[in-house]
Amino acid sequence: MVLGKTAFHRCQTLGYRNGYAVVQRPTLGIGGDRLQVTQLSQAELDDLASKAPLLTYGQPKQAPPAEFIPAHVAFDKKVLKFDAYFQEDVPMSTEEHYRIRQVKIYYYLEDDSMSVIEPVVENSGIPQGKLIKRQRLAKNDRGDHYHWKDLNRGIDITIYGKTFRVVDCDRFTQVFLESQGIELNPPEKMALDPYTELRKQPLRKYVTPSDFDQLKQFLTFDKQVLRFYAIWDDTDSMFGECRTYIIHYYLMDDTVEIREVHERNNGRDPFPLLMSRQRVPKVLVKNAENFPQCVLEISDQEVLEWYTAKDFLVGKSLTILGRTFFIYDCDPFTRQYYKEKFGISDLPRIDVSKKEPAPVKQELPPYNGYGLVEDSAQNCFALIPKAPRKDVIKMLLNDNKVLRYLAALESPIPEDKDRRFVFSYFLATDMISIFEPPVRNSGIIGGKYLGRTKVIKPYSSVENPVYYSPSDFFIGAVIEVFGHRFVILDTDDYVLKYMESNAAQYSPEALLSVQNRVRKREGPAPELENKQTEVDPGVQELEVLIDTIQKQLKDPPCKDNIREAFQIYDKEASGYVDKEMFFKVCDSLNLPVDDSLIKELIRMCSHGEDKIDYYNFVRAFSN
């Protein structure tokens, strides 16, 4: 110890690294003095060399145990299988007193559960399959359960009061038990059921066996069925049709079944069978035709020959219960059976689909002459006819637009030479109306000659009618209307403006005729000035009355407004309106109809008892 030393602290040798406590080697001694690591004496070195590491460092650490694997992972899908049987008493039978039932015992290593399953034997009449479902089975009354160490060959185990004799196990079970140090007993022979072995022995026959063995046929051909695809064509009868069926022929007892083939939305009740499974007679005895088959079953006494498998062939027709079926195909099993049994290898499918006939062209009946062709054709398209579609855009653009022409009738009758007609062509609907102005003392009743309708050109057909258009109307043109020929003599001013704005629609001949008419109007006509024409006294009196009214009216209404008001009610553009409607329009326009001169004008413009010529009436109100 150094005198005067005051620091006696020791160096830190413990620390933490990444959260773990670690030991550090001291670099300094007590009080911070330097360690003399190399100043050991020879005696100390010899002492260290003679010391054992066990005394210095203690017992060595054991190696960590192996990774733990749970049983449900180590033994997953590993099952021990044992063959066993148990004996069951049969008290109510004279043929057997006990029954041996063979079972399979399965032991699941993952959870030490067990199950007992009996293989299903067909037609045994005994509930078989899973006798004991998978569970841990009790070994004794103390609550212990069976373990794989308790299982071995040649031992008896009791489960729920039944004693099972274990006779053998599979290869995996044998290897597993031997690997665990269990000595296996030698395998035993599986016990057989005495009644089952008795059934295998041939029965004693006391009669001469026949050539045909029905039992052998039943056992040999059980669940073997020939399937044929057939059609029944009944289209020759009224409301008949071609229907598809499936014919099943059961080889085990030579019975036939006919099943219906249903399609979606076919409108038929979903009956599965057309004919239930039964034997079908092919040839009856001579006196069995009147046999009451509906109430009695046909036996071999009434039948000479039954239908057999050789009667059903692809491409052959056969009659069953009054219906003739044509077989057009069969399934692969049936083809293989016919190849092995009868040596028939060629059974091709026959195409029975009927080609759809070519669609019948719908032809319209001949035109009867009533109404328009389009209106009459609508009766052939629907039960409740609808009006044909109209060009709404055209009707809106050409509403109240009418082209008027003056025409003469071509006729060999002298009285028809002086008759004049006014053609009105409605641009909105392409319809034509003809009006004949009345002439006094002519002997011909004027008025409406043709109602508003479309007129077909004479050279067009009824199937593809071609109607008259505005381009067909010009001065000098001949218009044939239902067998009557008319010659266009003149047009109004609106037609001239329309032809000028739509010159592309008209032919050069039509445009030339209009140009000639305009030249005649504008050119001098001295011969007409010097010629004194004869004027009808009634017309002269009307002109004098119109001039008098125009002089007396101080503030006459607009002439165009009056004409437009009358044209609204003149649907045929004839220039005449009903007398009642005439006075209503005059009242709406506040016309002085009570004036004596106006009353005289109305009287002179009257046509018959209920019509008034508003053209001459409107002239009296010109500005």
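Predicted model: local features only at pLDDT ≥ 70, side-chain atom pairs only at ≥ 80, totals over all residues.
Me: Which strands are the edge strands of the open six-stranded sheet?
Reply: The strand order is β12-β11-β10-β9-β16-β15, with antiparallel pairing. An edge strand here pairs on one side only. That applies to β12 (273–278) and β15 (317–320).

Me: What angle does the direction of helix α7 make with that of β9?
Reply: Helix α7 (residues 332–341) packs on the sheet, where it touches β9 and β16 (323–330). Its direction and that of β9 make an angle of about 110 degrees.

Me: Is E257 buried or exposed?
Reply: E257 lies in strand β11 (residues 255–260). Its side chain makes a polar contact of 3.2 Å with the side chain of Y250. Beyond four places in sequence, E257 touches residues including I246, I247, L273 and R277. Because its relative accessibility is 9%, and under 20% is the cut-off, E257 counts as buried.

Me: How many residues are in the largest nonpolar core?
Reply: Y405, F423 and F473 have the most contacts inside this core. Elements that each supply at least two of its residues include β17 (402–410), β18 (420–426) and α11 (508–522). The residues in the core number 27.

How values were computed:
Residues numbered from 1 in each chain as written. Heavy atoms only, no water. Core = buried A, V, L, I, M, F, W, Y, C linked by side-chain atoms within 4.5 Å. Buried < 20%, exposed > 50% of the residue type's maximum accessible area, 1.4 Å probe, protein only. Helix = DSSP H or I, 4+ residues; strand = E, 2+ residues; numbered from the N terminus. Polar contact = N/O pair within 3.5 Å; in protein donor to acceptor, adjacent residues only side chain to side chain. Contact = heavy atoms within 4.5 Å. Pairing = 2+ DSSP bridges. Axes fitted to C-alpha atoms, helices over the stretch in contact; angles between N-to-C directions.
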